[in-house]
Amino acid sequence: MKSWQISRFGLEALTLVDQAEPRPGPGEVLVRWRAQSLNYRDLVIVQGTYLPGLPLPFTPLSDAAGEVAALGEGVTAWKVGDRVIGHYIQSWLEGPPTPENTRLSLGAPLPGVLAEYSVLPAHGLVPLPAHLSYAERATLPIAALTAWNALFTTGDLRPGGTVVLEGTGGVSLFGLQLAHTAGLRTIVTSSSDEKLARARPLGADETINYRTTPRWSGRVRELTGGRGADVVLEVGGPATFNEALCAVRLGGRIAFIGFLGGTSMQLDAVELIRSGATVHALRVGSRAMFHDLLRTLEQHQLHPPIDREFPFADAPAAFRHLARAAHYGKIVVRSDA
């Protein structure tokens with residue numbers, strides 16, 4: 001089989017290699033991947049800035065959808081031909097996160113899925129929503145599940161509550177669709193008026209261009225009659241956290257998801273105390289949460305926005321496209337088969 005690997009860090013180091021097709025052992029499943037999707041985490045892993053001690057060579061990527069190609073001894077939950085998605089944190093099946101159940105995730109420390117085949121434990125897969133294409137299904141494991149966890153697993157959001165979605169990447173656009181479906185008021189920020197216009201048909205009630213309105217928290221306050229948002233999906237990290245803090249209501253919640261603006265930040269401690277906000281740092285979600293998400297996607301026939309698809313043979317171009325940060329929605333790699 002073919003897979004993409006890095007033997008040193010850097011996008012230019014991605015190399016297509018030939019490997020023996022893996023065989024499933026007891027309790028395992030061989031999956032033929034049909035599509036993979038990229039996350040920011042994948043980019044910084046390949047660049048070497050996120051896990052610089054990662055043992056090399058390494059196959060990157062965490063999200064993929066495909067079909068069962070073979071079964072190991074004792075597997076009864078799946079049959080050959082079943083269409084499946086890989087669950088990102090393989091060891092987190094249900095319940096709250098613990099150091100033990102969040103240890104094993106695809107794309108580091110476990111080998112990634114930028115390959116034609118992978119062997120996974122039978123419990124590390126979930127069924128595909130029938131109304132979605134392979135490309136759409138491949139976008140779900142990290143971005144969609146993170147958005148679901150941020151909005152509905154913690155907190156007491158009710159219809160009519162207000163959610164701020166930062167940017168138009170995968171997590172934020174999934175969050176927008178899920179929040180709109182749940183009857184929540186949505187406010188989307190972006191540096192692009194064109195992207196904001198594309199967000200409105202997905203359910204954006206209000207939009208804010210943070211280039212022309214850098215203190216966008218003030219605009220959130222205006223739109224909410226001075227109250228502030230119930231929840232902010234915080235994906236920018238240092239670049240946006242203090243604005244999120246000023247935008248959230250007294251006693252509201254900031255779902256801390258990403259670090260697009262870096263990993264170190266200065267915190268306005270006075271504003272944090274004044275806000276009374278809960279800062280909830282998220283690590284995607286459990287397989288049980290994934291099943292809840294999939295039921296909602298099927299019930300409402302939701303489709304994830306895909307920015308662009310690349311053939312498997314041109315996977316490095318997909319990483320370069322992600323690095324330019326000009327995308328709207330998810331970036332997908334498709335199998336040539």
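Biologist: Which residue stands opposite Arg 334 in S15?

Modeller: Keep in mind that this is a predicted model. Strand S14 covers residues 306-311 and strand S15 covers residues 330-334, and the two pair in the parallel sense over five bridges. Standing opposite Arg 334 is Pro 311.

Biologist: Which helix makes a β-α-β unit with S14 and S15?

Modeller: The two strands are parallel partners. Together with a helix at residues 315-323 they make a right-handed β-α-β unit, and that helix is H10.

Biologist: Against which elements do the buried residues of H1 pack?

Modeller: Start with how covered this helix is: six of the eight residues of H1 (residues 40-47) are buried, so the rest of the structure largely encloses it. The buried ones are Arg 41, Asp 42, Leu 43, Val 44, Ile 45 and Val 46. They pack against strand S3 (28-37) and H10.

Biologist: Which element gives the largest share of the largest nonpolar core?

Modeller: This core has 49 residues, and those touching the most other members are Ile 85, Leu 140, Leu 178, Leu 233, Ile 257, Phe 290 and Leu 293. Several elements give two or more residues to it, including helix H4 (170-181), strand S11 (229-234), helix H9 (287-300) and helix H3 (140-153). The largest share is nine residues, and it comes from H3.

Biologist: Is Val 284 buried or exposed?

Modeller: Val 284 is found in the loop between strand S13 (278-281) and H9. Its phi is near 60 degrees, a positive value in a residue other than glycine. The cut-off for burial is under 20% relative accessible area. Val 284 has 9%, so it counts as buried.

Biologist: How does Gln 301 count by its relative accessibility?

Modeller: Gln 301 lies in the loop between H9 and S14, and it has a positive phi of about 50 degrees although it is not a glycine. Buried means under 20% and exposed means over 50%. At 45%, Gln 301 counts as partly exposed.

Biologist: Through which helix does the chain cross from S11 to S12?

Modeller: S11 is mostly covered, with six of its six residues buried. S11 pairs in the parallel sense with S8 over three bridges, and with strand S12 (residues 248-256) over five bridges. Ala 229 stands opposite Val 248 in S12. The β-α-β crossover from S11 to S12 is right-handed, and the chain makes it through helix H7.

Terms used: Residues numbered from 1 in each chain as written. Predicted model: local features only at pLDDT ≥ 70, side-chain atom pairs only at ≥ 80, totals over all residues. Heavy atoms only, no water. Pairing = 2+ DSSP bridges. Helix = DSSP H or I, 4+ residues; strand = E, 2+ residues; numbered from the N terminus. Right-handed = clockwise from strand over helix to strand, strands pointing away. Buried < 20%, exposed > 50% of the residue type's maximum accessible area, 1.4 Å probe, protein only. Contact = heavy atoms within 4.5 Å. Core = buried A, V, L, I, M, F, W, Y, C linked by side-chain atoms within 4.5 Å.
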